[in-house]
Amino acid sequence: MSIVKINVLTVPAEQREVLEKRFASRAGAVENSDGFEWFELLRPIEGTDDYLVYTRWRDEESFKAWMEGPMKSAHQGGGAAGGERPKPASSSAAVWSFEVVQQASPKSE
């Protein structure tokens, strides 16, 4: 079955809009990757400043290939004037990894 990677980003309230705009402008950076299955950016509602970036992959190899290719290239390029990278919107980050052992979808009527 698939694997899930959840990037946990601690984002101060004043940086939320910045983070969401950056994800909105990512222009299919992950969607065309081999083995990619799903993406969601989850905004916290209450009790935390942690955003969750949920991606699902066919297998670990597909995720690693994306990390070493398109993702690495996207994060190494300059973005601001003068070629400097913009300041991160998050104050900390962690990656959680899971294997999908069960799943369900809505039943058709």
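Student: What makes up the contacts in the protein chain with a separation of 6 or more?

Tutor: A contact means heavy atoms within 4.5 Å, and of those contacts with a separation of 6 or more, 69% join residues 24 or more positions apart. The model is predicted, so to speak of local features requires pLDDT of at least 70 and side-chain atom pairs count only at pLDDT 80 or more, while totals for chains, interfaces and linings use all residues. Residues are numbered from 1 along each chain as its sequence is written, and side-chain values use heavy atoms, with hydrogens and water left out.

Student: How do you know which pattern the protein chain follows?

Tutor: Helices (H or I, at least four residues) and strands (E, at least two) are DSSP runs, numbered from the N terminus; the chain has two helices and four strands, which read along the sequence as β-α-β-β-α-β.

Student: Why is one side of strand 2 and of strand 4 left without a neighbour in the sheet?

Tutor: Two strands pair if DSSP finds at least two bridges between them, and the four strands form an open sheet in the order 2-3-1-4, with antiparallel pairing. Strand 2 (36–42) and strand 4 (92–99) each have a single partner strand, so they stand at the edges.

Student: How do you know that strand 1 and strand 4 pair?

Tutor: Strand 1 (residues 3–10) and strand 4 are joined by eight bridges in the antiparallel sense, and N7 stands opposite V95 in strand 4.
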